Amino acid sequence: MLMIILAWISIFLTIILAPPKHLWTLVTAQGFFIMFLAMIWFFIQDFTFMTPFFFIDKISGPLAALTCWLFPLTMLASQSKMHLEPINRQRSYIANSTFLQLTTLLAFTSSDLMMFFIFFEATLIPTMIIITRWGAQERRLEAGMYLAFYTMLGAVPLLIWLIKFYTDYGFLFPTLTQTLSTTQEISNYQGLFWTICNAAFLVKLPMYCLHLWLPMAHVEAPIAGSMVLAGTLLKLGGYGIIRTAPMLQDNTLNQTLLIMLIAILGILATALLCLRQTDLKSLIAMSSVSHMNLVIAAVLISTQWSYSGAMVTMIAHGLTSSALFCLANTAYERTNSRTMILLRGTLIILPLASAWWLLIILFNMAAPPTINFMGELFILAAIFSWSPLTFLIIAMNLIFTTAYTIFMFWSTQRGPMPTHLKTLYPFQTREHILLCLHILPTLLLMLKPELIFF
């Protein structure tokens, strides 16, 4: 594992030493080479590896693999706009993207929860720099400030709890907490204690009511920021809740019913809000909130089926949402607008691009037999076994998701071409490869789903 980390760190040398003409080519090629080496290593280890510093199991392994997979794709997606900037800004952009990917990977593979917390918070630094430095609109500083305050306020109680746990038991290794069945002492306000300890993760996911930073960050961020934010950073929250669950009291569902109600409200409310969006990236960001609140509902139920469904949903959403942001970026690069009414009519001129839209939208709405469908099926089965009434309420989300997904496709692809668009150049080979590499893992997981079930 250390060799993989050092290989990713070696990209910084390429950033510094590569000639300007071949900078993007060398960094992207090196990223793909290291990514394939990392994938081979993960499969050889069978997603099981443990040292005093690194720990990979069926929970962290798929998320670490997803992190490695997305980095070269962010480099592919960023080239079109970024290569026009001064060379020093290009090097800074790639360095920040690499640092963000590296801290995320270290957070997923850390064997100690305090190390996980440090890298979990360290992801804030490159994310803020990318949003505030390379954001597209005037509100990028406000978006960075929202992100910083939400993340840091949620992190304070988590840090205090980790220090208290270490003081009491002398370790913070997740493997030992599972082996020794070490949990916190029973308290009178068990649900409140669970909520405070997981506040940082609920903000990162994000839970409804704590989600205001996400649409703003997505709208302002460049394509690499949006892809990493949707693909891996949101998954840090779900991973943190699953990882720390054995350390908290079991059977907390009766005490956390308020969080469950907020999550159910978030699933339905954000899906309905998607029907009112005019900005394409804002719509995709809101759909991410809806999917992640489904993950919160799953981890609250705390059964084998719900954990498996949450894991599958996180992996599937990471690939699908990242692909949607890539499609939104291709439209933005050609029209300089994300307003959906100004993107209509693409089906007539770019039929192959519309085919990509249709395929990825089918994944987003969890149409069978996609891996997204399997994840939602597991979560809904777990919810039904807990409460049939809750299942009926959450099942309405299937209708709303289909509605806003078709609305997104119809608004951007159908109808007459806007009169102000004089030229609309076709998709490049780079963009087809980028979208293909988002779809291939989902097809692989459909054929071999045991890779992410645990």
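Visitor: Which helix is Leu2 found in?

Guide: In this predicted model, Leu2 is found in helix H1, which covers residues 2-17.

Visitor: What makes Leu2, Met3, Leu6 and Ile9 a nonpolar patch on the surface?

Guide: A patch of this kind joins nonpolar side chains within 5 Å whose residues have over 30% relative accessible area and no salt bridge; Leu2, Met3, Leu6 and Ile9 form such a patch, and together they have about 400 Å² of accessible area.

Visitor: Why is the pairing of Lys58 and Asp46 called a salt bridge?

Guide: The term asks for a side-chain nitrogen of Lys or Arg within 4 Å of a carboxyl oxygen of Asp or Glu, and the N to O distance between the side chains of Lys58 and Asp46 is 3.7 Å, so the pair meets the definition.

Visitor: How do you know that domain 1 and domain 2 are in contact?

Guide: Contact requires heavy atoms within 4.5 Å, and 41 residues of domain 1 are in contact with 37 residues of domain 2. The area buried between domain 1 and domain 2 is about 3400 Å², with carbon and sulfur atoms giving 76% of that area.

Conventions
Residues are numbered from 1 along each chain as its sequence is written. This is a predicted model: local features need pLDDT of at least 70, side-chain atom pairs count only at pLDDT 80 or more; totals for chains, interfaces and linings use all residues. Side-chain values use heavy atoms; hydrogens and water are left out. Patches are made of residues with over 30% relative accessible area and no salt bridge: like charges are joined within 9 Å, nonpolar side chains (Val, Leu, Ile, Met, Phe, Trp, Tyr) within 5 Å. Accessible areas come from the Shrake-Rupley method with a 1.4 Å probe; for residues, only the protein chains shown count as cover. Helices (H or I, at least four residues) and strands (E, at least two) are DSSP runs, numbered from the N terminus. Buried area is the accessible area (1.4 Å probe) that two parts lose on being put together, summed over both.
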